[in-house]
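Please open the model in your viewer and keep the selection tool at hand. The stops below say what to select next and what is to be found there.

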Amino acid sequence: MEYVVANILMLASGIFWAYIIGNLVEAVGAMGTINREYLARMDKANEMVRGFATKDLPLELSGSTAAMKASTRVRRFITNQRDRASNKWLDSHSAPTLTDQYPTLEILSPELQRLCALHLLQPMIESVPYLSSRYLSPEEQADIALKSVSLEFSNGEHFTQHFGLGRGLMIFRTGLAYATRKNLSWKSFYWRKSCPDHPMDVNEILVEDDFMSERQLVYHFVGFTRVLFIPRSVVMEALENNESAW
């Protein structure tokens, strides 16, 4: 009997240690992959920086409030990405959608895609009054979630609109920003500060592009910042079918 118990204990100990060692190897391997990708991206960044035709640009061209060179900002941005990275960072895009970030969504049924999209982003979408469940159905909120993208910004960066998606609504996930607006005729200036997990200036994107062209807000990012960006076209599409949300 003692011989049987001893063998069972040794077997259990072997399985336990194999499990621990396997998890340690997996964790080290994952970090090794991320670090290798980080070094590869940093090498490419250094190559790009060496190709700069000019090392310094005047403030009106650089558009940065950060008192640091562009080369330093590039390297710090990539390092900040690495420090917040998981395995999905290896396949990251400049403006990844939910399906870019979570490829599993692509193989799910439409119903499961909708459900998972709500689990991932519904609380943030709910924070926008006219996109809340008071006016939109779960299906409409899920559609917005799937059409939204994640954007990342470095310290001192300015942003008015996405080059491909245009104007949009930003909900801050990490980081901080403030917004300014200059009226060229009155030389006025004011600022607003962002709050985590809340949208900023939700009514701005409801105004037509032509009217906002000379009055648009400029967002200034303080530190590495990640936001959920809902394009104006997506918002307006949802509101067209829900007049009560206006």
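Begin by selecting Arg-114, which is buried at a relative accessible area of 16%, where buried means under 20% relative accessible area, exposed means over 50%, and partly exposed lies in between (1.4 Å probe, protein chains only). This is a predicted model, in which local features need pLDDT of at least 70 and side-chain atom pairs count only at pLDDT 80 or more, while totals for chains, interfaces and linings use all residues. Residues are numbered from 1 along each chain as its sequence is written, and side-chain values use heavy atoms, with hydrogens and water left out.

Helices here are DSSP runs of H or I with at least four residues, strands are runs of E with at least two, and both are numbered from the N terminus. An α-helix has 3.6 residues a turn, so residues three or four places apart point the same way.

Now display α5 as a whole, and look at Leu-120, where the helix bends by about 55° and is followed within four residues by a proline, Pro-123; the bend is the angle between axes fitted to the seven residues ending at a position and the seven starting there. Among the buried residues of α5 are Ala-117, Leu-118, Leu-121, Met-124 and Ile-125.

The next selection is Tyr-130, Leu-131, Ile-144, Leu-169 and Ile-230, which touch the most other members among the 25 residues of the largest nonpolar core. Such a core is a set of buried Ala, Val, Leu, Ile, Met, Phe, Trp, Tyr and Cys residues joined through side-chain atoms within 4.5 Å. At least two residues of this core come from each of α5, α6, β3 (168–183), β6 and α8, and α5 supplies the largest share, five residues. A second, separate core of 14 residues includes Val-149, Phe-159, Ala-177 and Leu-217.

Returning to Leu-131, show its surroundings: leaving aside residues up to four places away in sequence, Leu-131 touches Ile-125, Leu-136, Gln-141, Ile-144, Leu-169, Ile-230, Val-235 and Ala-238, a contact being heavy atoms within 4.5 Å.

Move to helix α6 (residues 138–147), in which Asp-143 and Lys-147 lie four residues apart, about one turn of the helix. Their side chains meet in a salt bridge at 3.2 Å, N to O. Asp-143 is partly exposed at 32% relative accessibility, and Lys-147 is partly exposed with a relative accessible area of 33%.

Then select Glu-208 and Arg-232, whose side chains meet in a salt bridge at 3.8 Å, N to O. Glu-208 sits in the loop between β5 (199–200) and α7 (209–212), whereas Arg-232 lies in helix α8 (residues 232–240), so this pair ties together parts that are 24 residues apart in sequence. Glu-208 counts as exposed at 51% relative accessibility, and Arg-232 is buried with a relative accessible area of 11%. The structure holds five salt bridges.

Is strand β1 (residues 149–153) enclosed or open? Four of its five residues are buried, so β1 is largely enclosed by the rest of the structure. β1 pairs with strand β6 (residues 218–231) in the antiparallel sense over five bridges, pairing requiring that DSSP find at least two bridges between the strands. For one of the bridges, select Ser-150 and its partner in β6, Leu-228.

Ser-154 lies in the loop between β1 and β2 (158–159) and is buried, with a relative accessible area of 9%. Apart from residues up to four places away in sequence, Ser-154 touches Arg-73, Phe-77, Phe-221 and Gly-223.

Finally, select the whole chain, which has eight helices and six strands. Of its 246 residues, 35% count as buried.

Definitions and conventions
Salt bridge = Lys/Arg side-chain N within 4 Å of Asp/Glu carboxyl O.
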